[in-house]
Amino acid sequence: MHEHAHGRRHIETMIRNRDLEGLLHQAHTLHGHLCPFVGLGVKAGQYAMAALNRRNTGMEEVVAIVECNNCFTDGIQMVTGCTFGNNALIFRDLGKTAVTVARREDGMAVRLIVRPDYRPKMLARYPNAAPLFEKIVVERQGTPEERHRFHHLFEAISRRELQTPLEDQFQIQSLHITMPAYAPIFESLLCSVCGEQMMASRAVQQQEQTLCRVCAGGQVPVLNGQGIGQECF
Ligand SMILES: [Zn+2]
Ligand SMILES: [Zn+2]
């Protein structure tokens, strides 16, 4: 019998070899830019996956529970292989830059949370970075030249910060968790108004009609930059 699911073999090799540069490069392709927090996600993911020593084929054998939706989360998705699409990424809307990575067979887990003093200490190491960040990311201002400079600076910082000791960046806990149940497989239903197909779990029964949430009116849960909320119609 040959082995399947080799899609992540190169990632596994990089995890084993602690090839943080290589993993950061992978995360870059997902995230679209390099920034210190995607680098932190890469490092947390590498540490956790090496500690758990478990192959992840995207079948929920490893689960990552993230507590934020920011750049960090993309580093986690890329390195752990726990993604929004394969249901192994669980989002707890706490606004903490933290992740718990756990393996299914025994619930062995590692939680890493960024130390509160890490960001100010990091920015103090690169005095040019904070004012540029403020102007370009926070205020969404800046000339094309400044944006270009910012881009290069943040790439350089992201690479440099790979060298910072993990303990200076994170508080790390080993723990055991109760594993979340496997994601259920739902049957599909058709909305009797728009005719679109949906998971049965999201269908709304109204006056003996099966409706999608949009056609039923009311509220649709959304996850966006604000966190988890309700979209109103
Ligand atoms: Zn980013
Ligand atoms: Zn509909």
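1. Let's start with sequence spacing: the donors of the zinc ion (ligand 1) follow the pattern H-x1-H-x1-C-x35-C along the chain. Please keep in mind that this is a predicted model.

2. Which atoms hold those positions? The protein donors are H31 through NE2, H33 through NE2, C35 through SG and C71 through SG, and they lie 2.1 to 2.3 Å from the zinc ion (ligand 1).

3. The 4 donor atoms subtend angles of 88 to 138° around the zinc ion (ligand 1), so the arrangement is irregular. The reason is the cut-off: four donors count as tetrahedral if all angles lie between 85 and 135 degrees. For reference, the ideal angle for four tetrahedral donors is 109.5 degrees.

4. On the overall layout, the protein is divided into domain 1, covering 9-176, and domain 2, covering 188-232. Taken over C-alpha atoms, the centres of domain 1 and domain 2 are separated by 33 Å.

5. Finally, a look at E12, which sits in helix α1 (residues 9-16). At 12% relative accessibility, E12 counts as buried. Its side chain makes a polar contact of 3.0 Å with the side chain of R55. Setting aside neighbours within four places in sequence, E12 is in contact with R55 and N56.

Technical notes. Residues are numbered from 1 along each chain as its sequence is written. Chains are lettered from A and ligands numbered from 1 in the order in which they are written. This is a predicted model: local features need pLDDT of at least 70, side-chain atom pairs count only at pLDDT 80 or more; totals for chains, interfaces and linings use all residues. Side-chain values use heavy atoms; hydrogens and water are left out. Donors are N, O and S atoms within 2.8 Å of the metal (3.2 Å for Na, K and Ca); water is not among the atoms, so sites may look incomplete. Four donors count as tetrahedral if all angles lie between 85 and 135 degrees; four count as square planar and six as octahedral if opposite donors are over 155 degrees apart and all others between 65 and 115; anything else is irregular. Domain bounds come from an automatic or database domain assignment. Helices (H or I, at least four residues) and strands (E, at least two) are DSSP runs, numbered from the N terminus. Buried means under 20% relative accessible area, exposed over 50%, partly exposed in between (1.4 Å probe, protein chains only). A polar contact is a pair of N or O atoms within 3.5 Å; within protein, one must be able to donate a hydrogen and the other to accept it, and residues adjacent in sequence count only if both atoms are side-chain atoms. Contact means heavy atoms within 4.5 Å.
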